[in-house]
Amino acid sequence: MHKQHRQRMKKRFLSEGLKNFEPHNVLELLLFYSIPQKDTNETAHALIERFGSLSGVFDAPFEELMRVKGIKEHSATLIKLVPELAQRYSEDINKTDGDFLSTLSQIGDFFISKYIGVTKETVYLLLLDNKYKIIDCVKIHEGSVNSSSLTIRRLIETALERKAAMAVLAHNHPIGLPVPSPDDLFTTEEAARAFALMGINFLGHILVAGNKYVNLLKNDQQ
């Protein structure tokens with residue numbers, strides 16, 4: 001009976017995708033590939049009940065997933081793989097020719113892809129040459145922009161070390177809206193002044209929340 005049910009679920013997915021699947025059905029189908037011999041429906045329901053939503057399940061810590069009845073190491077690893085795959089897919093499909101980012105829209109899309117599946121506030125520094133080609137995108141640290149780990153000196157040193165002509169600071173709000181805090185705005189102003197003194201063109205400070213972003217330097221909501 002389980003074998004027939006699994007075949008029906010797989011055929012349904014191949015014919016119509018996941019758009020009409022309930023959240024627990026998505027997890028049930030996914031778990032077929034880590035729990036080969038048992039009914040995964042009950043486990044899928046338990047995951048949704050514990051974490052509240054499909055995204056909540058994928059964003060849950062590995063150790064918390066393992067606390068759900070029926071979830072072992074293979075299943076928890078598979079679940080954590082999904083948002084990472086989504087991020088890599090989005091980064092790849094949004095990649096520009098030759099990795100050039102010459103517009104705010106391209107930079108915003110770049111960071112939206114970068115933050116898919118990221119559940120902690122994380123700060124990046126994007127470095128470009130004078131033709132807008134990506135030199136590097138450096139993870140500065142995990143934590144808020146007012147953390148002691150994030151210093152203007154570190155940003156400048158990183159940019160100078162890689163001989164960048166332009167720089168973009170970015171961080172995310174994993175939960176909530178792309179609404180800047182006073183610390184976010186203060187850091188933006190300090191970074192802009194410091195980069196200007198070094199002759200590096202500071203293009204902005206991108207704040208990402210979900211699929212939305214705002215450039216704090218221009219205060220121009222996208």
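I began on the outward face of helix H3, where Glu-42 and Glu-49 are exposed. A reminder to myself before going on: this is a predicted model.

**Entry 1, helix H3.** Which residues of H3 are buried? I looked along residues 41–51 and found Thr-43, Ala-44, Leu-47, Ile-48 and Phe-51. Their directions span an arc of only 135° around the axis, so these residues sit on the same side of H3. The two exposed glutamates, Glu-42 and Glu-49, are on the other side.

Next I asked what covers the buried residues of H3. The cover includes helix H2 (23–31) and helix H4 (54–59). Helix H5 (62–65) and helix H6 (73–93) also belong to it. I then stepped just past the end of H3 and stopped at Gly-52, which has a positive phi of about 90°.

I turned to the largest pocket and noted a volume of about 430 Å³. It is lined by 20 residues, and those closest to its centre are Asp-59, Tyr-115, Ile-116, Gly-117 and Val-118. Which elements give two or more residues to the lining? I wrote down H4, H6 and strand E4 (201–209). H4 has the largest share, with four residues. H4 and H6 were already in my notes, as part of what covers the buried residues of H3.

How many salt bridges does the structure hold? I have nine in my notes, and I followed a few of them. The general idea is a friendly one: side chains of opposite charge can pair when their charged atoms come close.

I looked up Arg-162 and found two partners for its side chain. With Asp-136 the N to O distance is 2.9 Å, and with Glu-161 the N to O distance is 3.5 Å. Asp-136 is in strand E2 (residues 134–142), while Arg-162 is in the loop between helix H8 (152–161) and strand E3 (166–172), so this pair ties together parts 26 residues apart in sequence.

Are these three residues buried or exposed? Asp-136 is partly exposed, at 27% relative accessible area. Arg-162 is partly exposed as well, at 28%. Glu-161 counts as exposed, with 58% relative accessibility.

My other stop was Arg-67, whose side chain meets that of Glu-64 in a salt bridge of 3.3 Å, N to O. Arg-67 is exposed, with a relative accessible area of 59%, whereas Glu-64 is partly exposed at 28%. I traced the shared partners from here and reached Arg-50: salt bridges join Arg-50, Glu-64 and Arg-67 into one network.

I noted nine helices and six strands. The C-alpha atoms fill a box of roughly 70 × 35 × 30 Å along the principal axes. Of the 222 residues, 41% count as buried. For contacts with a separation of 6 or more, I wrote down that 56% come from residues 24 or more positions apart.

Definitions and conventions. Residues are numbered from 1 along each chain as its sequence is written. This is a predicted model: local features need pLDDT of at least 70, side-chain atom pairs count only at pLDDT 80 or more; totals for chains, interfaces and linings use all residues. Side-chain values use heavy atoms; hydrogens and water are left out. Buried means under 20% relative accessible area, exposed over 50%, partly exposed in between (1.4 Å probe, protein chains only). The arc is that of the directions from the helix axis to the C-beta atoms. Contact means heavy atoms within 4.5 Å. On a 1 Å grid over the protein atoms alone, a cavity is a set of points where a 1.4 Å probe fits but cannot get out, and a pocket is an open set with protein on both sides within 12 Å along at least five of seven lines; lining residues have an atom within 4 Å of a point. Grid points are joined across faces, edges and corners, and a volume is the space filled by probe spheres set on the points. A salt bridge is a side-chain nitrogen of Lys or Arg within 4 Å of a carboxyl oxygen of Asp or Glu.
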